[in-house]
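Here are a few friendly notes to read alongside the structure. Please take a look at it before going through the points.

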Amino acid sequence: MRSASPQSDGNLFDNYAGRYGAVLDCALGPSGEAASYFARSRIERLQTWLQRLGVVPTSVLDYGCGIGGSVPFLREILRPNRILGVDVSPESLVRARQEHGGEGIEFANSRHFLVPSEFQLAFCNGVFHHIPPDHRPAALRYIYDSLVGHGVLALWENNPWNPATRYVMGRCEFDRDAMPISPTRARGLVRKAGFQVLHVSSYFYFPHWLRWLWGLEPSLSRLPLGAQYLVLARKPG
């Protein structure tokens, strides 16, 4: 029997719904980039992988969507017909609907809403380090059940092996008590949930003031040392 998603502490993010972006931008200050830069870059990098796989998703689940910061880039870059953002924070969902609602875009509370198994892509960024470890398998099951056969999971997480990530998370009010997941651990959790892991890659090695080194990042992506990593996986047919 399917159950609603446990996800993270909605009450915590209710308190930040009105100033989430400002808090995150402040924490990211040492990187020299705003949160929107990273949001766009994640989707651009994901799109490169989807093109290699020959995947053109017409329906996208944004798991742990928060105030919807990824939605404009999912819509602009991937161009799906439908985006459904789910989260456990009612106040964040109100903000998401106000700022990003529109034709083909919906938002729902994952504590109460069972997502139908009809999505071709599940996107998840920076959510699992807020989910208690014993609840993470259930969260992955929720995502797994939302996907069609051969549907793709794109799981982005903060990399605890990167000292800059640790520093930024320590600066961020809502990340200080989070429990980061290593790339190895994330790969194992995704595989145990029934997914076929296709690739694990690492990104965001250099801050803005070292942007002249950005061209090296593709060759470094297999080293698990970037500020964030992507676990790309597929649900069996």
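1. Arginine 79 is exposed, at a relative accessible area of 67%; here exposed means over 50% relative accessible area, buried under 20%, and partly exposed in between (1.4 Å probe, protein chains only). You will find arginine 79 in the loop between α4 (71–78) and β2 (82–87). Helices (H or I, at least four residues) and strands (E, at least two) are DSSP runs, numbered from the N terminus.

2. A word on the model: it is predicted, so local features need pLDDT of at least 70 and side-chain atom pairs count only at pLDDT 80 or more, while totals for chains, interfaces and linings use all residues. Residues are numbered from 1 along each chain as its sequence is written, and side-chain values use heavy atoms, leaving out hydrogens and water.

3. Back to arginine 79: its phi is near 55°, a positive value in a residue other than glycine. Histidine 150, in strand β5 (residues 147–158), also has a positive phi, of about 70°, and is not a glycine. Most residues other than glycine have a negative phi.

4. Which residues of helix α5 are buried? In α5 (residues 90–100) they are Ser92, Leu93, Ala96 and His100. These residues lie on the same side of α5 because they cover an arc of only 100° around the axis, taken from the directions from the helix axis to the C-beta atoms.

5. Strand β6 (residues 196–203) is mostly covered, with six of its eight residues buried. β6 pairs with strand β7 (residues 228–234) in the antiparallel sense over seven bridges; pairing requires at least two DSSP bridges between two strands. Serine 202 stands opposite tyrosine 229 in β7.
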